[in-house]
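I set out to record, entry by entry, what I looked up in this structure.

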Amino acid sequence: MQIRIKRAYEPVSAEDGFRVLVDRLWPRGISKEKAHIDFWDKNIAPSTELRKWFNHDPEKFPEFTRRYQAELDTEVSALDGLCEKLKGQKTVSLIYGAKNPEINHARVLQAVLEKRLAS
């Protein structure tokens, strides 16, 4: 399975495969019809407190990654539910709203899922 990340504001494509919104909040200005989201569980997104603390500061990214992974460790049922939905999918796109494609929680979740699905 290939797990990609993609910004919510990019056009939907057939190559996206199964689209999972990984934000706690719905992306501003995107209709549900246009988003073509196949699955959304707010519990796999960083907590509001963590998101606000991070504020997309590149210097905080290593600590944000550690804290977000710790939050995900407590969301076993949400991660199990997501992994169940991903079974049989060839391509999965983790859809996020952040502006920075390199420093965001979707990258962290992508790594967690790849490790979890490999075992």
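**Entry 1: terms and source.** I count Ala, Val, Leu, Ile, Met, Phe, Trp, Tyr, Cys and Pro as nonpolar, Asp, Glu, Lys and Arg as charged, and the others, Gly among them, as polar. I note that the model is predicted, that local features need pLDDT of at least 70, that side-chain atom pairs count only at pLDDT 80 or more, and that totals for chains, interfaces and linings use all residues. Residues are numbered from 1 along each chain as its sequence is written, and side-chain values use heavy atoms, with hydrogens and water left out.

**Entry 2: the cavity.** I worked on a 1 Å grid over the protein atoms alone, where a cavity is a set of points at which a 1.4 Å probe fits but cannot get out; a pocket is an open set with protein on both sides within 12 Å along at least five of seven lines, and lining residues have an atom within 4 Å of a point. Grid points are joined across faces, edges and corners, and a volume is the space filled by probe spheres set on the points. I found 1 cavity of 30 Å³ or more. The largest cavity holds about 30 Å³ of space. Its lining consists of Ala8, Arg19, Leu21, Pro27, Ile30, Ala35, Ile37 and Ile95. I sorted this lining into 7 nonpolar, no polar and 1 charged.

Entry 3: The largest pocket contains about 550 Å³ of space. Among its 20 lining residues, Asp23, Leu25, Arg51, His56 and Gly97 are the closest to its centre. The lining divides into 9 nonpolar, 4 polar and 7 charged residues. Helix 2 (residues 48-54) supplies the largest share of the lining, 3 residues; helices (H or I, at least four residues) and strands (E, at least two) are DSSP runs, numbered from the N terminus.

**Entry 4: Leu25.** I located Leu25 in the loop between strand 2 and helix 1 (32-35). Leaving aside residues up to four places away in sequence, Leu25 touches Trp40 and Arg51, where contact means heavy atoms within 4.5 Å.

Entry 5: Which order do the strands take in the open sheet? The 4 strands have the order 1-4-2-3, with parallel pairing. Strand 1 (2-7) and strand 3 (39-40) stand at the edges with a single partner strand each, so one side of each is left without a neighbour in the sheet. Two strands pair if DSSP finds at least two bridges between them. Strand 2 (residues 18-21) and strand 4 (residues 91-96) pair over 4 bridges, and Val20 stands opposite Leu94 in strand 4.

**Entry 6: two helices.** Helix 4 (residues 76-86) and helix 5 (residues 105-118) pack at about 70°, with axes 11 Å apart. Axes are lines fitted to C-alpha atoms, for helices over the stretch in contact, and angles run from 0 to 180 degrees between N-to-C directions. I recorded 9 nonpolar, no polar and 2 charged residues in the contact of helix 4 with helix 5.
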